[in-house]
Amino acid sequence: MATVAEQLVRTLRDAGVERIYGIVGDSLNPVVDAVRRTDGIEWVHVRHEEAAAFAAAAEAQITGKLTVCAGSCGPGNLHLINGLYDAHRSGAPVLAIASHIPSTQIGTGFFQETHPAELFRECSHYSELVSEAEQLPRLLRIAMQVAVGKRGVSVLSIPGDVADRRAAGPLSVPVTLVEPSPVAPSAQDVTELAALMNAAEKVMLFVGAGAVGAHDEVMSLATALAAPVGHSLGGKEVIQYDNPYDVGMSGLLGYGACYEAMHEADLVVLLGTDFPYDNFLPQARTVQVDIEPAHLGRRTPLELGVHGSVRETVAALLPLLRTRTDRSFLDRMLLRHARKLERVVEAYTSGVAQRTPIHPEYAASLVDEVAADDAVFTVDTGMGNVWASRYLTPNGERRVIGSFRHGSMANALPQAIGVALAQPGRQVVSLSGDGGLSMLMGELLTLSTYDVPVKVVVFNNASLGMVKLEMLVDGLPDYGTDHPRVDFAAIASACGLYAEQVTDPADIRGALEKAFAHPGPAVVELVTDPNALSIPPKITGDMVRGFALAASKTVLNGGVGKMLEMARSNLRNTPRP
């Protein structure tokens with residue numbers, strides 16, 4: 001007799017799902033046992049359900065396919081919620097199986113009782129309770145299609161006794177998952193957008209992750225408009241490579257001339273970005289192109305909002321634009337960008353190869369050099385985001401995944417697990433902070449158990465560096481940010497992993513090369529300077545007071561590795577005063 005759990009698992013497998021991340025337990029046992037008895041799908045036993053959701057979300061982001069995580073009733077599925085928030089905000093198609101208490105006990109205050117269908121509603125497009133076996137085929141089909149079609153999370157809450165009942169209908173439910181199609185803008189919107197661009201003398205493009213797949217079109221647009229191109233953190237891997245118009249990044253981690261270009265332009269064009277920091281936007285002279293209508297105008301007043309995919313919109317726009325011969329605005333911004341990088345890079349490169357504790361900027365630049373050309377980096381929130389945004393060089397093949405919209409700690413290691421399992425043979429590097437790694441350190445055991453060849457680079461400064469910086473710019477003494485130093489290499493070794501601790505900067509490259517060449521999982525712990533907060537050598541009171549409005553210009557304007565080389569190369573044909 002086939003059970004509801006078997007029907008669930010067979011349907012997922014036949015739809016292309018290869019693994020389910022989670023922790024076994026009580027009400028979830030029928031589902032786990034169904035996985036055991038079904039070829040072509042595996043159970044990945046993580047050490048915390050939060051890690052299960054992060055891993056599933058990262059797999060979905062790297063493959064674009066539906067992924068699945070699961071949690072047992074009550075506390076088990078509650079642990080999924082943080083990772084599911086991150087998945088939902090990242091647009092990752094994830095189905096969460098939230099097992100539930102016995103159906104006859106719901107509403108009685110039973111042991112471990114919660115109401116998961118309600119709890120997960122805020123971090124999902126679809127969250128429903130399966131109360132009868134007959135419901136499962138239809139609700140499962142809807143949940144899967146909603147996750148894929150709307151690019152986000154679906155949740156099915158299934159009581160353990162319902163999962164163990166006899167299935168209604170076929171053992172595998174046919175499901176055809178339909179991907180969302182590109183959105184063509186209206187002809188009227190394209191005409192109006194072209195008119196605004198043709199009327200403006202100084203146009204600036206600000207690009208986000210929504211421009212994926214449109215690199216060539218955006219470069220053609222920048223050429224036609226003689227426009228500098230800036231980006232958000234999410235847009236870095238999409239647009240910064242092969243970009244002769246690059247002026248850096250805006251936002252709390254920003255650098256270069258992006259902020260100035262945006263505020264000096266006659267027209268700012270937001271392409272595929274829902275950039276949340278409205279205080280960095282000029283709040284005027286702005287147009288926006290986005291595939292999601294709800295994003296249009298919610299961060300800044302618009303002269304025009306265009307509902308459309310970036311690639312399709314720009315392709316329709318290009319034939320309508322006038323030819324530009326005046327590059328003065330673009331050249332001025334490129335020159336300013338290069339000078340800003342030159343001014344600050346020296347402070348973070350001069351002699352750091354001999355300084356201890358290790359400067360994290362120097363270590364991050366070496367990670368960038370040693371890593372493979374098609375490596376996937378997962379990045380912890382906090383100072384890890386700083387090093388990734390400044391020192392990882394995009395090339396069109398590399399990927400950078402982080403908790404860029406939800407801003408959760410502890411994301412990097414479980415995300416790396418999901419990526420490595422989904423794409424065996426591809427180098428996966430987790431840039432972990434000591435704070436983030438400490439929160440989900442049990443996932444080192446997951447690496448060991450499944451021999452997942454993730455390379456974990458731990459920046460260990462015995463401090464919550466980003467929080468310390470936040471206190472600094474708020475004029476507060478840092479408190480509760482520092483903690484006793486932990487020997488993560490020793491812990492990793494005790495978990496059965498190859499591990500090395502590095503305290504001398506001269507040893508970093510060798511340690512990275514050995515770890516990256518190791519056939520299995522490896523941990524390189526870098527003991528870094530807790531006072532390296534990515535700030536310029538001199539901070540004035542005005543800089544600190546101006547942080548809220550212009551952090552990209554001041555406090556966080558640190559060294560940026562190979563981006564200086566990129567900026568200089570972009571200036572080859574630019575006249576200098």
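The model is predicted, so local features need pLDDT of at least 70 and side-chain atom pairs count only at pLDDT 80 or more, while totals for chains, interfaces and linings use all residues. Residues are numbered from 1 along each chain as its sequence is written, and side-chain values use heavy atoms, with hydrogens and water left out. The protein chain holds 25 helices and 19 strands; these are DSSP runs numbered from the N terminus, helices being H or I of at least four residues and strands E of at least two.

**Chain as a whole**

- Of the 577 residues in the protein chain, 57% are buried. Buried means under 20% relative accessible area, exposed means over 50%, and partly exposed lies in between, with a 1.4 Å probe and protein chains only.
- The protein chain has an accessible surface of about 21,900 Å², and carbon and sulfur atoms account for 52% of that surface. Accessible areas come from the Shrake-Rupley method with a 1.4 Å probe, and for residues only the protein chains shown count as cover.
- Among contacts between residues at least 6 apart in sequence, 74% join residues at least 24 apart. Contact means heavy atoms within 4.5 Å.

- The largest nonpolar core has 50 residues, and M197, L205, V218 and L221 have the most contacts inside it. A nonpolar core is a set of buried Ala, Val, Leu, Ile, Met, Phe, Trp, Tyr and Cys residues joined through side-chain atoms within 4.5 Å.
- Apart from this core lies another, of 49 residues, which includes A55, A410, V458 and L497.
- With neighbours within four places in sequence left aside, L221 is in contact with M197, L205, L271, V314, L317, L318 and L321.
- L221 is also one of the buried residues of helix α10 (residues 215-225), together with H215, E217, V218, M219, A222 and L225.
- The buried residues of α10 pack against the helices α9 (187-199), α11 and α13 (310-317), and against the strands β7 (203-207), β8 (229-231) and β11 (267-271).
- After α10 comes A226, which has a positive phi near 50 degrees.

**Helices α1 and α7**

- Helix α1 (residues 4-14) and helix α7 (residues 136-150) have axes that come within 11 Å and cross at roughly 35 degrees. Axes are lines fitted to C-alpha atoms, for helices over the stretch in contact, and angles run from 0 to 180 degrees between N-to-C directions.
- The crossing of α1 and α7 is right-handed. A crossing is right-handed if the near helix is turned clockwise from the far one by less than a right angle, and left-handed if anticlockwise.
- On the α1 side the meeting residues are V4, Q7, L8, T11 and L12, and on the α7 side they are L136, P137, L140 and M144.
- This contact of α1 with α7 has 7 nonpolar, 2 polar and no charged residues. Ala, Val, Leu, Ile, Met, Phe, Trp, Tyr, Cys and Pro count as nonpolar, Asp, Glu, Lys and Arg as charged, and the others, Gly among them, as polar.

- Helix α17 (residues 412-422) is mostly covered, with 10 of its 11 residues buried.
- Among the buried residues of α17 are A412, P414, I417, G418 and L421.
- E59 is in helix α3 (residues 49-63), and E59 counts as buried because its relative accessibility is 7%.

**Backbone features in loops**

- The peptide bond from T356 to P357 is cis, with omega near -5 degrees; P357 lies in the loop between α14 (328-349) and α15 (360-370).
- Q112 is not a glycine but has a positive phi of about 65 degrees, and Q112 lies in the loop between β4 (94-100) and α6 (116-119).
- Q112 is partly exposed because its relative accessible area is 26%.
- A462, in the loop between β17 (455-460) and α20 (465-473), has a positive phi near 50 degrees.
- A462 is buried because its relative accessible area is 9%.

**Other loop residues**

- N243 is in the loop between α11 (236-239) and β9 (246-249), and N243 counts as buried because its relative accessibility is 4%.
- E292 is in the loop between β12 (286-290) and β13 (304-307), and E292 counts as partly exposed because its relative accessibility is 34%.
- E292 and G308 are 16 residues apart along the chain, and their C-alpha atoms are separated by 7.8 Å.
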